[in-house]
Amino acid sequence: MFDKKKKKLPIGVEFFASMIEENYYYVDKTLFIRDILDKGSKFTLCTRPRRFGKTLNQTMLKCFFEDTAPLSGKDTRALFNGLKIETAGEEYMEHQGKYPVIFLVLKDANKSTFESSYFVLKEIITEEFKRHRYVLKKLEDKDDKALFERLSSREASKDEYSSSLRFLCKCLETYHGRKAIILIDEYDVPLENAWRCGFYSEMVGFIRALMSSALKSNEHLQLSVMTGCLRISKESIFTGLNNLDVISILSGHYDEYFGFTQVEVDAMLKHYTFEDKTQLIRDWYDGYLFGNKEVYNPWSLIKCLSEWTVMPERAPQPYWANTSSNDIVRQILEKSNADVRTDLEKLISDGIISKKIHEDVTYDEIDKRIDNFWNFLFFTGYLKKVGIERQDKDGKLILDLAIPNREVLYIYVTKIQDWFDEKVEVKDFSLFFDALLNGNDEIVKNELNNTLGDSISYFDGKEDFYHGLIVGILGRLQYYTVKSNRETGLGRCDIALKQTTRRNKAVIIELKWAKKEKYLQKECDAALKQIEDNKYADELISENYTEIIKYGIAFCGKYCEVKKGK
């Protein structure tokens, strides 16, 4: 039972004010504010994987900077009592509650068509205009008033919405006497979704116009902070914005403000008395390297701790697997060749691959070249940097990459297994079935080897993989039943195949796994001997099956040997 003396775990809590006011456990990231003020960049884009605290940080900035007097009238300074930004000094706290803030979260603009996605974006902008309707009191120009009314009542044109953020900055400065701050969270979700759904060029056109209006030559803007998953090339979105400060996972700036550091995790485990699970948590959710800081996935860590408060014995689960864009692994597999599969085999076997990395990319280029997929996997959290950075002869950045932790490994393994299973499911096995039922062990071997060629070596050393593969294939054979690991004779037969229309033909298969290919024939012989020694055929004989074919099949990696018994 959860100890009421402990703070609540913030499952799904993305708003800073709720985090503080409702007594959730908060990992203090408020020095992010200090560093933003010290760095002094006018336009900042922080890219991090999904579920790494971007929205919480953006709402923190909103609570800190926003002048709430004409809105709720609520003083938000108390939210920062005792937090690190308050102790950093009054030179920072004097900025608290002093600026008008435009705050947009674009993650819901992920619909199946451009029209429906644009409708959501229009709604988001409209709501922000409605939130700031108080500025109408000081707008003297009748055209400005009319435009504001159109934008806050969903009646404005697409061009007017495209330039709306600059206009709102102007209105806010007129009212407050201070330039506005723009905070945009998950700015690239509409773009990623549009790429997946086939209307990328339309969405790029609108987002480019929106960003250009808001950020380029906007004399009413104090500063802007944007967050997203992937940096998009300036040519596609930020045309002409030469002073954009991009803070990716390769940057040393703000490296500890997204995700939890080891010190922060240790403090959290101590608070909830789970110190004995430190290594388990590290294996599953640690391993991301942002700048110079190794950090944990905060979403998965919090979810795991929440489960442990009621079921301390439960094993860690892959929570991130259900929240991120995991189809990218599948897309790599669908476009893969032998070299790509070799790279994947290295990765999921705890190996390291070396790839060229570049930060400027557009979503519509991701699937044009396989190198772009590796870039996407790196910047979105599916791979981590290991070792030192280096350059090739052309000055291109080269990184050694590995899978961060067991949670991400789970995503690779399950996606690869699903992909392979689907390939097997649509494959024509008529030649294999005919050979199997007629005792042609050479064709059976060739067909199985062709199928194994598409597998990933990670599975090859696992006997249950081969067993599941054969059972799955045989399950598609009409008029036969498949029995797996069933007691018969003096032991358990790996696989028995029995004709159902009449008791005429049956097949017994015993499977073996060899450490080296040179032992395959020997293992086939051992399998056939086991069939005879354990009298696996006796039950079939008693059921009046008149033709019983016996096979010993041995596997080693992507190869097998098949031998028919007498």
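View 1. V101 stands opposite I181 in strand β3. This is a predicted model, so keep that in mind for every view here. The two strands in this close-up are β2, residues 101-105, and β3, residues 180-185. They pair in the parallel sense, and five bridges link β2 with β3. How enclosed is strand β2 by the rest of the structure? Largely enclosed, because four of its five residues are buried. As a rule, side chains in a regular strand alternate between the two faces of the sheet.

**View 2. A look into the second largest pocket.** This pocket has a volume of about 230 Å³. Its lining is made up of 16 residues, and A17, K62, C63, E66 and T76 are the ones that lie nearest the centre. Which elements give two or more residues to the lining? Those are α1 (16-21) and α3 (54-65). Sort the lining by class and you get seven nonpolar, five charged and four polar residues.

**View 3. Cysteines without a disulfide.** Search the whole structure for disulfides and you'll find zero. Take C524: the nearest cysteine sulfur belongs to C560 and is 8.0 Å away, whereas a disulfide needs the two sulfurs within 2.5 Å. C524 has 0% relative accessibility, so it counts as buried. Now find C556, which is in no disulfide either. For C556, too, the nearest cysteine sulfur is that of C560, this time 11 Å away. Is C556 buried or exposed? It counts as buried, because its relative accessibility is 11% and the cut-off for buried is under 20%.

Technical notes:
Residues numbered from 1 in each chain as written. Predicted model: local features only at pLDDT ≥ 70, side-chain atom pairs only at ≥ 80, totals over all residues. Heavy atoms only, no water. 1 Å grid on protein atoms, 1.4 Å probe; cavity = no way out; pocket = protein on both sides within 12 Å on 5 of 7 lines; lining within 4 Å. Points joined across faces, edges and corners; volume = space filled by probe spheres on them. Nonpolar A, V, L, I, M, F, W, Y, C, P; charged D, E, K, R; others polar. Buried < 20%, exposed > 50% of the residue type's maximum accessible area, 1.4 Å probe, protein only. Pairing = 2+ DSSP bridges.
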